[in-house]
Amino acid sequence: MTAVAIWRALGGADARRRSLWGCFLGFSIALWTKTEIVRRGLNHSAITDASILVKHYSAGAAILAILYYIVAVYGQYPPDGDMARAVRVARFIQRVASKTALSAFAVMTVMFFTIVDRSHPSDRFMSEHAGQWGATAYMTVFYAYLGSASAICLYQWAEAFRREDRKLLRVGLGMMAFAMVLGVVYTFGRMAFLWYWLFEQPSYQTAFDVDASTEAMQQLLFVFFALGVSVPATENGLRRARAWWALARLYPMWHELMSAFPNLPMEPARSRAGELARRGIDADLQLNRWVHDMADAIEKLRHHVPDGLMTAAQETAGRGDAAVAQAYWIKAALAAKGQGAPAGPVAAFEQQQATDQDDEAAWLRRVARAYKKTTTTQAHNLLAAAGAVA
């Protein structure tokens with residue numbers, strides 16, 4: 001949690017990133033207060049059992065940050081259509097979340113310093129205060145706030161899970177929703193035990209066992225939440241990796257096309273290492289530019305080749321392999337342009353139909369693979385077959 005909090009602190013300043021950073025920071029502080037060194041140090045400080053207050057403040061702030069994250073996600077939708085209910089809930093949360101949290105923290109603070117028995121430091125607060133009405137009242141306020149907020153998160157993420165089609169994001173939402181299921185069971189389950197113990201004093205071992213088992217449930221909650229939040233980022237990372245790999249495979253063909261028409265790209269073409277190491281542009285956007293650059297270059301090349309070049313390329317490649325035929329055409333067209341063929345009427349060219357950028361990039365990778373194997377001799381032979389002057 002600490003590592004993710006530091007990582008997200010460096011990741012940007014929009015509302016979603018700030019909210020997730022606050023969430024991970026709050027949970028990491030809460031988890032550090034559970035470690036023996038920090039817990040004992042705070043509990044034996046000038047404020048007896050201070051770890052409890054610090055833990056509950058940080059966990060409450062973390063769940064508040066999650067609520068703001070939900071608002072940042074759902075608040076962008078218009079208040080009608082399929083998302084109307086989720087939007088209304090999100091906007092209601094935005095109005096009441098901060099006031100509710102501040103009220104809960106204020107009441108908890110007053111109770112902690114007045115009615116909670118802190119006559120001696122405790123190591124396991126819940127089990128050591130089992131059956132005490134002051135601690136039960138204090139924990140009830142905290143668990144009511146934490147459990148209600150967890151239930152709201154569960155509702156929102158379950159709704160998003162039900163509507164999401166993207167596989168990885170759906171997995172992440174499912175894990176986050178399951179984490180909130182654990183959160184609801186943890187908080188309201190503990191609250192039920194505390195109230196039951198007011199009327200039926202438990203043995204210390206029984207209270208300790210309930211404390212330890214519910215604590216394990218909370219640890220599992222953190223695992224599922226951290227993994228669930230990370231999955232969408234993993235999806236984006238995988239997409240960027242695929243785009244980067246496509247750029248690496250397309251580079252030879254793209255570079256030769258841009259060398260023929262140096263005014264086409266927005267910036268002068270660099271070496272392969274220089275292009276792949278660009279930091280000022282996202283790999284997806286760079287791939288999109290390259291796709292358009294190559295399409296523009298091919299359109300310009302159509303004015304420098306004979307009309308029969310596409311037919312000759314298809315006959316050489318065989319009718320069943322359109323990608324190879326297109327690679328032959330591009331290589332021959334670049335050769336004609338390089339030999340000074342003057343611009344003339346637009347020649348025939350068969351462009352593969354693509355449904356989206358991913359489809360188009362996949363097709364161009366096939367063309368680039370064939371292009372890499374095509375020799376200058378083959379290009380000249382193809383031009384000769386098409387009636388060009390070599």
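Helices (H or I, at least four residues) and strands (E, at least two) are DSSP runs, numbered from the N terminus. The model is predicted: local features need pLDDT of at least 70, side-chain atom pairs count only at pLDDT 80 or more, and totals for chains, interfaces and linings use all residues. Residues are numbered from 1 along each chain as its sequence is written, and side-chain values use heavy atoms, with hydrogens and water left out.

**View 1. Ile52 in helix α4.** Ile52 is placed in helix α4. Ile52 is buried, at a relative accessible area of 6%. Buried stands for under 20% relative accessible area, exposed for over 50%, and partly exposed for what lies in between (1.4 Å probe, protein chains only). Thr33 is 19 residues from Ile52 in sequence, and the two are 7.9 Å apart in space, C-alpha to C-alpha.

**View 2. Asp49 in the loop between α3 and α4.** The loop between α3 and α4 holds Asp49. The phi angle of Asp49 is near 60 degrees, which is a positive value in a residue other than glycine. Asp49 counts as buried, because its relative accessibility is 0%.

**View 3. The largest nonpolar core.** A nonpolar core is a set of buried Ala, Val, Leu, Ile, Met, Phe, Trp, Tyr and Cys residues joined through side-chain atoms within 4.5 Å. The largest one in this model has 58 residues, and Ile66, Tyr138, Trp157 and Phe225 are those with the most contacts inside it. Two or more residues of this core come from each of α2 (15-32), α4 (50-74), α5 (84-114), α6 (125-128), α7 (133-163), α8 (167-199) and α9 (204-260). Of these elements, α7 gives the most, with 12 residues. In soluble globular proteins, nonpolar side chains tend to be buried together.

**View 4. The salt bridge between Lys34 and Glu215.** A salt bridge is a side-chain nitrogen of Lys or Arg within 4 Å of a carboxyl oxygen of Asp or Glu. By this rule the model has 14 salt bridges. In one of them the side chains of Lys34 and Glu215 meet, at 2.5 Å from N to O. This pair links distant parts of the chain, 181 residues apart: Lys34 is in the loop between α2 and α3 (36-43), and Glu215 is in helix α9. Both Lys34 and Glu215 are buried.

**View 5. The salt bridge between Asp123 and Arg39.** Asp123 and Arg39 form a salt bridge in which the closest N and O atoms are 2.9 Å apart. Asp123 lies in the loop between α5 and α6 and Arg39 lies in helix α3, so the pair ties together parts that are 84 residues apart in sequence. Asp123 counts as partly exposed, with 25% relative accessibility, whereas Arg39 is buried, with a relative accessible area of 15%.

View 6. The side chains of Arg270 and Glu267 form a salt bridge at 3.9 Å, N to O. Arg270 is partly exposed at 40% relative accessibility, and Glu267 is partly exposed with a relative accessible area of 39%.

**View 7. A nonpolar patch on the surface.** Patches are made of residues with over 30% relative accessible area and no salt bridge; like charges are joined within 9 Å, and nonpolar side chains (Val, Leu, Ile, Met, Phe, Trp, Tyr) within 5 Å. Accessible areas come from the Shrake-Rupley method with a 1.4 Å probe, and for residues only the protein chains shown count as cover. Phe178, Val181, Val185, Leu220, Val223 and Leu227 make up a nonpolar patch, with about 470 Å² of accessible area together. Helices α8 and α9 are the elements that give two or more residues to this patch. Phe178 is in helix α8 and is partly exposed, with a relative accessible area of 35%.

**View 8. A positive patch on the surface.** Arg249, Arg272, Arg369, Lys372 and Lys373 gather in a surface patch of positive charge. Lys and Arg count as positive and Asp and Glu as negative, while His and the chain ends are not counted. The place of a charge is taken as NZ of Lys, CZ of Arg, CG of Asp or CD of Glu. Helix α14 (residues 357-373) supplies the largest share of the patch, three residues. Lys373 lies in this helix, α14, and is exposed, with a relative accessible area of 64%.
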